[in-house]
Amino acid sequence: MKFIESADELRAAIASDQPAQACSCALGSCAGWESLAEYRWPQQQMTTVGTLRDVEQYEPSFEEYHPQGTRYDSPDAPVAVKFFPYNRCEVWHCSQCQRHLLRYTEFGGYNVDHRVRMLTPDKIVD
Ligand SMILES: [Zn+2]
């Protein structure tokens with residue numbers, strides 16, 4: 001999978017001629033991070049664009065980046081590619097609504113929790 005290393009690379013990777021539409025698929029809006037069970041993930045219409053996870057790094061940082069006082073699940077939180085949880089995300093494209101989405105897995109206790117957030121270029125920062 002293609003490793004996307006910077007904000008510029010991420011913006012380039014999701015640049016598209018087809019404008020994103022208001023969500024028409026099962027994903028929901030996901031403006032901020034949302035839990036999305038595996039069975040709700042519409043795999044057939046999703047393709048991977050790349051990953052923000054550096055495989056050379058054993059454990060990516062858990063540090064978050066919120067210079068404007070946002071929180072983890074704020075819809076307007078920046079997508080800071082080197083910070084948690086973006087540094088462990090895969091980037092996906094939905095063929096139905098043309099949106100790009102970030103996804104990672106939260107491992108806690110006995111269960112795994114898939115988290116999904118819509119990706120828009122204006123939120124991406126280094
Ligand atoms: Zn969609």
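Let's start at C30, which is partly exposed because 19 other C-beta atoms lie within 10 Å of its own, and the cut-off for buried is 20 or more. Keep in mind that what you're looking at is a predicted model. C30 sits in the loop between helix 1 and strand 1 (34-35). Its backbone deserves a look too: phi of C30 is near 50°, a positive value in a residue other than glycine. As a rule, most residues other than glycine have a negative phi, and most peptide bonds are trans.

Now zoom out. The protein has one helix and seven strands, and reading along the sequence gives you the pattern α-β-β-β-β-β-β-β. Along the principal axes, the C-alpha atoms fill a box of roughly 35 × 35 × 30 Å. The radius of gyration is 14 Å, which agrees with the value near 14 Å that a compact globule of 126 residues would have. Of those 126 residues, 24% count as buried. As for how the chain comes together, take the contacts with a separation of 6 or more: 65% of them are between residues 24 or more positions apart.

So what's in the middle? In soluble globular proteins, nonpolar side chains tend to be buried together. Here, the largest nonpolar core has 20 residues, and Y86, V91, L101 and L119 are those with the most contacts inside it. Helix 1 (7-14) supplies at least two residues of this core, and so does each of strand 3 (79-80), strand 4 (90-94), strand 5 (100-108) and strand 6 (111-119).

The peptide bond from F84 to P85 is cis, with omega near -5°, and P85 lies in the loop between strand 3 and strand 4.

One more loop to visit, the one between strand 4 and strand 5, where you'll find Q98. Like C30, Q98 isn't glycine and has a positive phi, in this case near 65°. Is Q98 buried, exposed or partly exposed? Count the C-beta neighbours inside 10 Å and you get 14, so Q98 comes out as partly exposed, since that class falls between the exposed limit of 12 or fewer and the buried limit of 20 or more.

Definitions and conventions: Residues are numbered from 1 along each chain as its sequence is written. This is a predicted model: local features need pLDDT of at least 70, side-chain atom pairs count only at pLDDT 80 or more; totals for chains, interfaces and linings use all residues. A nonpolar core is a set of buried Ala, Val, Leu, Ile, Met, Phe, Trp, Tyr and Cys residues joined through C-beta atoms within 7 Å. Helices (H or I, at least four residues) and strands (E, at least two) are DSSP runs, numbered from the N terminus. The radius of gyration is taken over C-alpha atoms; the globule rule is 2.2 Å times the number of residues to the power 0.38. Two residues are in contact if their C-beta atoms, placed from the backbone, lie within 7 Å.
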